[in-house]
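Please keep the sequence and the 3D view at hand while reading.

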Amino acid sequence: MARAVTNNRKIINTAAAWAIGLLIFFPILWTILTSFKTEAQAINDPPLFLFFDWTLENYAVVQERSNYGRFLWNSIIIAGGSTLLGVAIAIPAAWSMAFVPSKRTKDILLWMLSTKMLPAVGVLYPIYLLFIKFGLLDSVIGLTIVLMLINLPIIVWMLYTYFREIPGEILEASRMDGASLRSEIIHVLTPMAIPGIASTLLLNFILAWNEAFWTLNLTAAQAAPLTAFIASYSSPEGLFYAKLSAASTMAILPILILGWFSQKQLVRGLTFGAVK
Amino acid sequence: MGQITLEKVSKTFGDVEVIPPLDLTIEDGEFAVFVGPSGCGKSTLLRLIAGLEDVTSGKMIIDGSEATTVPPAKRGLAMVFQSYALYPHMSVRKNIAFPMKMAGIDPAEQETRIEQAAAALNLTDYLDRKPGQLSGGQRQRVAIGRAIVREPAAFLFDEPLSNLDAALRVGMRMEIGELHKKLATTMIYVTHDQVEAMTMADKIVVLRAGVIEQVGSPLELYRTPRNVFVAGFIGSPTMNLIEGPEAAKHGAHTIGVRPEHIDVTEGEGTWSGVVGVAEHLGSDTFFHIHQTGLAETITVRAPGEVSFKHGDTIHMTPRPDLIHKFDAKGLRIE
C-alpha cells in the first residue's frame, strides 16, 4: 500500500536515491571521462573532472592496435550462444520442476545453485585439461559451452520462478485439448512466459558478456572476447590509464546501451516473484 | 458414443486414500452430476476420468475401450475448468481453434466450426478479443466453445459456474442444459451446489469422503434418500432430522421430514414450538422454530401468505406418508 508522504520527505528521498545512484555509477562515469583524456591528464593530481582537453586519440590508438570488431563479434557469439543454448536446455528442466515436481525437486534446485557457491578457480584445472583433451582451448564453441554451464543454474532458477506463476490449469487445459508435451511447451507455456524468458535471456546475456575468469583463462587470440580485449590493455605495456579506459568503454558500451533500453524488463526480471 | 465405466477405480495421494475403490457407469448421452461437500473427492474423480491424475488401481473404460493409462490428450474428452483456463496470449478465435489445430483439422473446417460455435454461444463479436478483455460469463462461453468444437466423446465440467455471480449462474445453467439437449453428448458435471445438481442432472452421484453415497435421478434422491447423509444434503432448505423418542415412535433411530412436508397452524398440531427467525421470500416463508423438544431448530416451509412473527407459538404437523425413517447406522428403513 502506498503511504502518504510529505513533499519534503519526497525531495529528500529523491536526492538520496540520486546520490546513491551516482555513487554506484561513478566508477563507470570516471572510466568514460578518463577515456577522453590524454595519458598525462589521466594521472593528473588533483584529478581533472570535466575541464580538460577532450580527445578521441585513445580510441584511435586502441582501434589501430587491436581489432575491436573481432573481439566484439566473439563476445556477441559467446554471450548470445551460451544464453540461447542455456535457455533451450533450461525450459524443459524448469517445466518439469515447476509442473511435475517430485519430493527431491527443491533439493535439486538448491544443489544446482550450490554449484555457483564453489570458487570457479577450484575447477579451473580439470576444465582446462578437458579443454586440452577435446581441443577446445581458445575456441568459441568451448567458451560458449562453459559459459552456458556456468549460468545454467541461474537460468533454470529464473525460469522455474516464472513458470511457477503460470496456472497449472491452463497447461492441463492444453493437454485436454489434445496437445502433446512438445505442443504444450511450444504453443502454451513459452508464449505465456515470454516476459520471463526475455528477462532471463537479457540478464544471462549480460552475465555472460561480463564473465572474465573463464574467458581470460581459456582463450588466447582466436576466441578472445571483449573481456580479454580490456585485459590486454592493463599490465603488459605498463599502465596506460587513458587507453585502458577507452578500451573498457568500448567493451561496456554495447551492454550499457542494451541495459538502458531494457531496464524495465531487467527490473521486472530481478524482482519477479518477490512481490505477490 | 460416450459411455464411461469405472471399475474398482481408486486413488491415493501418498498415504491418504482419497477415493477408495469404486464402480460407476455413466451412460452415453447422460448428464451426470457429481455432488458433495468440499473435499469429498468429486473433482479428483473427474480428474481421474480426464486422465489428469493417474488412477492408483482399477480400470477405466471410455467409449468401449480401456483408457486407464491413456494420456488426457488421447481420451477424446473435453474439459471446462473452474478458472476457465483460457490461453491468455491467444484471441478468442485462436482459443477455440486450438484443440482443432492440435487434432490437425483442415483450416477451412476449423473456420466453419468456430463460426458455428461462436454463433451458438453469442461470441461472434468477440472472436478477435483476448480473454482478458472479456467478462466472466463470456470467458466461460469461450471455454465451452473450445470444448464443443472438437466434438468430444464426453464433456467434463469442473465447477464451471462457481466464479460467476448469482444471476449469470442461473443463465449459464440453462445454457449448459440446452447445450446438452442439443448435442446429446455425455456430460459429467462437478459441483458442490445441490441446486445445480438437482436442476441439471439426469443422474446425480452423491459423494462423501470419496465414497459414493447414492446414485440416482434428482427426484429419486429427493424422494428416497438412501441414508441420512443424502437426506441432509439434497433439498433446500435441508431436511429436518429428528432423533430420540419421537423417532422411536416410528420405529426408527432417526426420522427426516422436509420443511415443505410440515403444515403449520395456530391451533392443534403434532408438534409445537416458538418461531425464531421468519424468512419471507414472497412466494414462500421459511420459519426456523425453536423449543420443539425434537431438535435444536425445525425448519418449515410455508406459503408466502402465512405470517407468524418472532416469538409466536405455532403447531406443526408432518405429513405421515412423507416421513423418512433411518436406522442406527443411518440407512433408510423402507
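How many of the ten residues of helix H6 (residues 124–133) of chain A are buried? The count is one, so helix H6 of chain A is hardly covered, given that a residue is called buried when 20 or more other C-beta atoms lie within 10 Å of its own. After H6(A) comes A:Gly135, which has a positive phi near 65°. The model is predicted.

**A residue in helix H4 of chain A**

A:Ala79 sits in helix H4 of chain A, which runs over residues 68–99. A:Ala79 is buried, because 27 other C-beta atoms lie within 10 Å and the cut-off for a buried residue is 20 or more. Leaving aside residues up to four places away in sequence, A:Ala79 touches A:Phe205, A:Ala208 and A:Trp209. A:Met97 is 18 residues from A:Ala79 along the chain, and their C-alpha atoms are separated by 26 Å.

**The largest nonpolar core**

The largest nonpolar core has 140 residues. The members that touch the most other members are A:Ala94, A:Leu159, B:Val33, B:Met79, B:Leu156 and B:Ile188. Helix H7 (residues 140–164) of chain A gives the most to this core, with 13 residues. In chain B, both domain 1 (4–227) and domain 2 (237–333) give residues to the core, and therefore the core lies between them.

**Chain B as a whole**

Chain B contains nine helices and 19 strands. Of its 334 residues, 40% are buried. The C-alpha trace of chain B spans about 75 × 45 × 35 Å along its principal axes. Among contacts in chain B between residues at least 6 apart in sequence, 63% join residues at least 24 apart.

Helix H5 of chain B covers residues 166–183 and has 18 residues. From its first C-alpha to its last, H5 of chain B reaches 26 Å, close to the 26 Å expected at 1.5 Å a residue.

| Residue | Position | Phi |
|---|---|---|
| A:Gly135 | follows H6(A) | positive, near 65° |

Conventions
Residues numbered from 1 in each chain as written. Chains lettered and ligands numbered in written order. Predicted model: local features only at pLDDT ≥ 70, side-chain atom pairs only at ≥ 80, totals over all residues. Helix = DSSP H or I, 4+ residues; strand = E, 2+ residues; numbered from the N terminus. Expected span 1.5 Å × (residues − 1). Buried ≥ 20, exposed ≤ 12 C-beta atoms within 10 Å, placed from the backbone. Contact = placed C-beta atoms within 7 Å. Core = buried A, V, L, I, M, F, W, Y, C linked by C-beta atoms within 7 Å. Domains from an automatic or database assignment.
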